[in-house]
Amino acid sequence: MTDKITKFHIRLRDEWLAYEIREMVRLFVDLKQVEVMIDAETHKNSPVEKPGLVCDSGLANLSHSCWLRLNEEALEVALPPNWQQQATARREAKRKIKIALYHLLQNWKPTTLPWGILTGVRPVKLAHQLTDQLHDRESVINTLQQQYALREDKARLITGIASLQEPILKAVTENSVSLYIGIPLCPSRCSYCSFISQAVSDKNDPLIASYLEALLMELKGALAWLNKRQWHLDTLYIGGGTPSILTASQIRELMETLSKAWPLASLREITFEAGRPDTITEEKLKVLKEYAVNRISINPQTLQPETLKRINRCHTVDEFFDAWQLARDMGFQTINLDLIVGLPGEKEDQLLKTLNAIKPLKPANVTVHALALKRSSTLTTDAAKHQLSDAEAERMMNCIYDFSHEQALVPYYLYRQKEMAGHLENVGFSTEGQVGLYNILMMEEKQTIMGIGAGAVSKLYYPETDRIKRKPNVKNIHVYIERMHQQGFDETGWNKAFSSTYKQQKNEE
Ligand code: SF4
């Protein structure tokens, strides 16, 4: 009935719910079709073209209920008392409106949504919050199903992950920080990439050396700042881009800078994303071993040669296996490999072939992404976007869960993105005792993460309010290099951020 719609009209009283409502509606119709109109006079019977939605709730509304009308179907939602004044009550009001809207939309256009009304990036965070309140896993699963419309398997998945993560998050100590160092340079640009990474096909491109020089300026300042404040460095993640685009001597320079400021062997985890197999050499791995790197990533994304060409990865299947063997021979125990579900031209058959090919490797970590197409990737055509039905994407994800089960790999962290194939999820799997600590800490936001490099985002954690504040670095690599030469590490910004509480911070902004 609704397949041929060209516009979906939304009429709201003010901006308050605009984001949440737009995000809910886009689960049912293409965002390009969604048109939002804000009008302070909006009320239950306001006219709106069909298909269309009216929501008469706004922050200035003093009543304790709100009306939602989708075409002819209307319903009244009772809101908690004090919902305008109190943050928790306001969050609950939003949830109630979202679940009511979800039911209206499902009546209008039944759609499979395994994650119900959850549109955010971090569903495991909600499982942690509910566990703190309810203390019992079955009650949490029940609440996720009833109040957030999660499908039972997804509710079980995130509560399982939350209970695996709990001791790790509880062990985070005060004044501990994890460090992220970003190297947003790659040998070529993958067609699905929406990251800021810049392609440098020539390994002698002077941009690599200039970037490293600027990065070291920021890093030295950051390490001195941490030392001065007696903050403890907990985990380190060198990511990208493709950090292994650096030569062995450049990697040494980076690791030497770190080890001069900090005894690297004291860190709980050091990850180096080797990323593209074609950039990995024995010499580079030797340097990593020397500096106590205990977790690396070698990422094929797929082991289908045709797909690798199609997505512009510029490496072969053999290069992946050779790099893997080399790393194993050199004693790396924890090697992660990334896979993507839903790459162009791939269906269940191709995925199963890839999974069968990696079985003999017995990887300690596998991270699986459901393809998410964003405007900044070159792969955003409708043809690519709609190549997989939701059911096909889900079947492929189930192949991953079956594979992980067979390989004794357990899901240990999870996040979601917009525009994901089949409205699914990205999941990190691990064998027992080999979880990626940084991934958990970064995703669950219980520790300060200091991000170094162009486009890196620091997350400042305020334990007294259990909130975080993001502090992004400039994204453009050239502007970043210039800025580091002029200013170096932003010591003033970091001092200011930690001289006040989260609430003061928010008020000062
Ligand atoms: S390796 Fe990663 S960061 Fe680099 S182009 Fe490909 S997807 Fe983007």
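Colleague: How far apart do the C-alpha centres of domain 1 and domain 3 lie?

Modeller: Bear in mind that this is a predicted model. The domain assignment places domain 1 at 8–108, domain 2 at 123–169 and domain 3 at 175–342 + 361–369 + 442–449. Between the C-alpha centres of domain 1 and domain 3 the distance is 44 Å.

Colleague: What radius of gyration does the protein have?

Modeller: The protein has 17 helices and 18 strands. The globule rule gives 23 Å for 509 residues, and the protein comes close to that, so it is as compact as a globular protein of that length. Its radius of gyration is 24 Å.

Colleague: What share of the contacts with a separation of 6 or more is between residues 24 or more positions apart?

Modeller: The C-alpha atoms fill a box of roughly 70 × 55 × 45 Å along the principal axes, and buried residues make up 39% of the 509 residues. For contacts with a separation of 6 or more, the share from residues 24 or more positions apart is 72%.

Colleague: Which residues does Ile 296 contact, leaving aside its neighbours within four places in sequence?

Modeller: Ile 296 is one of the residues that touch the most other members of the largest nonpolar core. Beyond its neighbours within four places in sequence, its contacts are Phe 272, Ala 274, Leu 288, Ala 327, Phe 332 and Ile 335.

Colleague: How many residues of the shell around the ligand are charged?

Modeller: The ligand is surrounded by residues including Cys 186, Arg 189, Cys 190, Cys 193 and Gly 275. Four residues of the shell are nonpolar and five are polar. The number of charged residues is one.

Colleague: Is Glu 41 buried or exposed?

Modeller: Glu 41 sits in the loop between strand S2 (34–38) and strand S3 (52–55). Its C-alpha is 8.9 Å from that of Leu 12, 29 residues away in sequence. Because Glu 41 has 8 C-beta neighbours inside 10 Å, it counts as exposed.

Colleague: How many other C-beta atoms lie within 10 Å of Glu 283?

Modeller: Glu 283 belongs to helix H8 (residues 282–290). The C-alpha atoms of Glu 283 and Ala 248 are separated by 6.0 Å, although the two are 35 residues apart along the chain. Glu 283 is exposed, and the number of other C-beta atoms within 10 Å is 12.

Key:
Residues are numbered from 1 along each chain as its sequence is written. This is a predicted model: local features need pLDDT of at least 70, side-chain atom pairs count only at pLDDT 80 or more; totals for chains, interfaces and linings use all residues. A nonpolar core is a set of buried Ala, Val, Leu, Ile, Met, Phe, Trp, Tyr and Cys residues joined through C-beta atoms within 7 Å. A residue is buried if 20 or more other C-beta atoms lie within 10 Å of its own, exposed if 12 or fewer, and partly exposed in between; C-beta atoms are placed from the backbone. Two residues are in contact if their C-beta atoms, placed from the backbone, lie within 7 Å. A residue is near a molecule or strand if its C-beta atom, placed from the backbone, lies within 6 Å of it. Ala, Val, Leu, Ile, Met, Phe, Trp, Tyr, Cys and Pro count as nonpolar, Asp, Glu, Lys and Arg as charged, and the others, Gly among them, as polar. Domain bounds come from an automatic or database domain assignment. Helices (H or I, at least four residues) and strands (E, at least two) are DSSP runs, numbered from the N terminus. The radius of gyration is taken over C-alpha atoms; the globule rule is 2.2 Å times the number of residues to the power 0.38.
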